Amino acid sequence: MADRILSGHGSGGKLMNEMIGGLIRRVLGPESVQLDDSAVLSVGAGKIAFTTDTFTITPIEFPGGTIGSLAVNGTVNDLAVMGARPLYLSCALILEEGLETAVLERILISMRGAADRAGVSIVTGDTKVVERGKADKIFINTAGIGILERAVQRRPIVPGDAVIISGFIGDHGIAIMALRNDLSFSRGLVSDCAPMNRLVDKVLAAFPESVKFMRDPTRGGVASVLNEIVQGMDFGIGLAETSLPLRDEVKGVSGMLGIDPLYAANEGKVLMVVRGEEAGGIVDLMRSHPEGKDAAVIGTVSDTYPGRAYLETPTGGRRILPLLIEEQLPRIC
Amino acid sequence: MADGLRSLRLERDLRIMEVCGTHTTEFFRSGVRDVFPEGLSLIDGPGCPVCVTPNDYLDRAIEIARVHGVTVATFGDMVKVPSSYSSLAREKSTGMRLEVVYSPLDALEFAAVNQDVQVMFLSVGFETTAPTEAVAVRRARERNILNFSILCGNKLTPPAVKALLDAGETRIDGFILPGHVSAIIGVEPWRFVAESYHKPCVVAGFESYDLITSTINLVRMIGEQRNVVENGYARVVRDGGNPKAREIMYDVFEECEAHWRGIGVIPGSGLALRDGYAGFDAARRFPVDPPAPRQHPGCRCGDLLRGLIIPTGCGLFGTACTPENAVGPCMVSSEGPCSAYYKYGGM
Amino acid sequence: MCLAIPMTVKSIEGTRALAEAYGVEKYVDIAMTPDVVVGDKVIIHAGFVIEKLDPESAREIEAAWDEYHRVMNDDGAAGRRNGA
């Protein structure tokens with residue numbers, strides 16, 4: 001890997017995979033970083049899921065959330081997509097000297113709100129204050145524990161399976177990108193920051209045998225998750241470009257800044273691969289839930305292009321959705 | 001419509017060049033390349049400003065930042081491009097201050113609110129972008145924002161197309177001409193391609209619709225030997241272009257010779273600040289002596305930009321040169337041909 | 001080269017205009033196109049209006065697209081990526 005850490009090493013793409021594989025796992029051991037969102041551990045007769053995540057974001061308050069609600073929902077969602085029922089969270093704050101107390105209070109209030117909405121408790125924590133300039137206002141780490149009540153079994157993904165997204169794609173990443181580039185909105189583009197555990201629970205309860213894979217497509221977006229699914233497999237996944245739920249504002253900002261919403265972070269979405277037969281029923285069920293009202297089938301698993309995630313364009317052509325290489329920057333050409 | 005393209009019957013193999021890098025990428029992204037008829041090939045032209053900028057430009061920018069401690073403001077496009085010894089992304093990780101902007105005016109505004117730092121904007125781009133950079137320089141003078149400067153790397157496209165045709169190294173049967181460059185310069189500056197070199201041309205837009213209809217028209221024009229410049233993007237491109245934009249551009253800049261990666265020095269193909277704006281010229285304000293530029297001996301970006309090879313014809317493609325560890329700019333620019341082939345070409 | 005997208009002019013103040021597309025608003029500079037008026041469709045590059053969109057030819061394109069998508073039997077919502 002590169003001889004220095006670049007910002008691209010944090011953007012959920014190929015560089016990060018190199019760092020995890022080539023450095024962290026090599027030194028700390030193969031168990032140190034889970035490819036899944038959480039580690040599954042046996043405790044007594046039962047099983048728990050355990051996960052941790054650190055949050056840094058500029059700006060720390062944005063339409064639809066704050067770094068605080070993001071930190072709660074991110075960890076809750078990592079547990080939920082493992083099929084676990086999230087129970088307890090820790091919260092560690094790294095505060096930059098000079099941060100306004102009123103801002104910290106607002107962030108804590110939004111954490112509390114998010115925890116209540118998800119039905120989890122924040123049970124332990126830590127705070128550190130660092131010198132001005134040694135952190136960017138506030139960094140938050142949350143760890144979470146959830147209980148695995150259902151026997152989660154891996155079911156093989158096969159051609160004919162369907163890919164579902166629980167709502168509009170790219171809202172969070174594009175909203176943040178727009179804020180940083182002084183784009184304003186007449187019809188609110190807001191972060192989708194939300195807990196997915198209740199929605200996931202509803203689907204698993206009604207369709208216990210149908211769901212084969214779940215992931216919250218955060219950093220790196222939908223396209224990165226799809227790449228993770230198909231890599232090295234004898235099947236591929238094709239998305240129909242015209243079926244993608246994209247807000248007008250997301251299309252507008254993406255076009256303006258030359259970025260692709262399929263690679264933009266979602267903070268309140270779940271992507272599922274399900275048996276094709278039940279896809280319609282699952283989408284209908286999701287749509288009856290506030291967190292899933294814009295759910296849609298966006299693609300199918302096929303054996304046409306093994307190992308590839310691709311997009312079927314309205315011209316009848318196809319293009320690959322490659323693994324994102326680095327962070328996306330606004331561009332003019 | 002796509003079927004109309006797919007079912008075209010060609011009398012012989014045809015090689016058409018898309019000059020503009022955005023067209024390169026859009027032909028892939030839209031899937032239109034996928035519906036090309038048998039025997040039609042697209043030759044990527046010298047129309048990605050990041051790709052045609054030679055190493056010594058970035059070498060100088062980085063040296064200025066190191067020696068004079070300036071803050072570098074740039075379009076996102078330049079951040080990951082390799083220089084001879086480094087890249088802006090790498091320099092940032094070791095302390096260089098880098099400001100990624102969407103508009104040259106954002107760089108000017110950054111300078112206005114940070115009067116204690118020198119802000120050097122990397123002024124690259126073709127005729128579409130140069131007027132925006134000219135406006136920024138004019139405003140800097142009007143508002144007396146003296147901690148703002150630009151490093152000129154702007155280039156003009158018709159001289160590069162002429163240089164390719166004069167070199168005659170590769171057969172090109174017709175040209176898809178850049179839509180947004182033509183919005184500024186108009187159709188007139190391209191007529192020499194059709195009239196003196198007998199190559200049909202279509203000025204094209206960027207929607208799938210534009211790509212398909214422009215390609216179909218160009219193929220027909222080649223078949224009929226109709227050597228004219230057709231404006232396939234009339235909703236944006238006027239025959240006379242945008243005279244106001246050119247007036248601003250030539251008030252601030254004057255033509256000069258410029259060095260193009262792969263092609264070499266082309267007279268009258270670059271833009272330099274006029275003496276009246278010399279105070280905003282970073283190259284004059286911050287003298288440096290950058291190390292001699294160097295280039296990987298196996299890198300064939302130059303041959304690619306001259307239309308001699310397609311990306312997969314380079315021995316480094318996909319092995320020693322990948323987007324995350326690029327040897328040449330064509331692999332890392334968002335509209336570089338190698339990047340497009342690497343990302344979308346495996347279908 | 002040259003990513004540029006169409007937007008609609010909402011208001012004008014001096015050398016800048018508030019432009020809108022897909023519900024997104026942005027201040028853009030009109031130094032290169034001083035004759036724009038509210039309601040014009042314009043093409044934006046790097047924060048500037050570089051040219052006005054001719055409404056008549058734009059409508060022809062719209063019509064061609066609509067016909068195309070009608071034939072393709074979809075609404076083309078996600079396929080419309082204007083400019084680049």
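A polar contact is a pair of N or O atoms within 3.5 Å; within protein, one must be able to donate a hydrogen and the other to accept it, and residues adjacent in sequence count only if both atoms are side-chain atoms. With that in hand, chain C and chain B share 7 residue pairs in polar contact, both residues at pLDDT 80 or more.

This is a predicted model, in which local features need pLDDT of at least 70, side-chain atom pairs count only at pLDDT 80 or more, and totals for chains, interfaces and linings use all residues. Residues are numbered from 1 along each chain as its sequence is written, chains are lettered from A and ligands numbered from 1 in the order in which they are written, and side-chain values use heavy atoms, with hydrogens and water left out.

**Where chain C meets chain B**

- In contact (heavy atoms within 4.5 Å) are 33 residues of chain C and 41 residues of chain B.
- The buried area, meaning the accessible area (1.4 Å probe) that two parts lose on being put together, summed over both, is about 2,900 Å² here, and carbon and sulfur atoms give 63% of that area.
- There are 2 salt bridges between the two chains, a salt bridge being a side-chain nitrogen of Lys or Arg within 4 Å of a carboxyl oxygen of Asp or Glu.
- C:D29 and B:R139 form a salt bridge through their side chains, at 2.7 Å from N to O.
- On the side of chain C that touches chain B, at least two residues each come from strand 3 (24-29), strand 4 (41-45), strand 5 (48-52) and helix 1 (55-72) of chain C; helices (H or I, at least four residues) and strands (E, at least two) are DSSP runs, numbered from the N terminus.
- Helix 1 of chain C gives the largest share of that side, with 6 residues.

**The open sheet of chain B**

- Five strands of chain B make an open, parallel sheet in the order 2-1-7-8-9; two strands pair if DSSP finds at least two bridges between them.
- Strand 2 (40-47) and strand 9 (229-231) are the edge strands, each pairing on one side only.
- Strand 8 (residues 201-203) and strand 9 of chain B run parallel and are joined by 3 bridges, and B:V203 has B:N231 as its bridge partner in strand 9.

**The hairpin of chain A**

- Strand 1 (residues 39-43) and strand 2 (residues 46-55) of chain A are antiparallel and pair over 5 bridges.
- A:S42 has A:K47 as its bridge partner in strand 2 of chain A.
- These strands form a hairpin with 2 residues between them, and A:G44 in the turn has a positive phi of about 60°.
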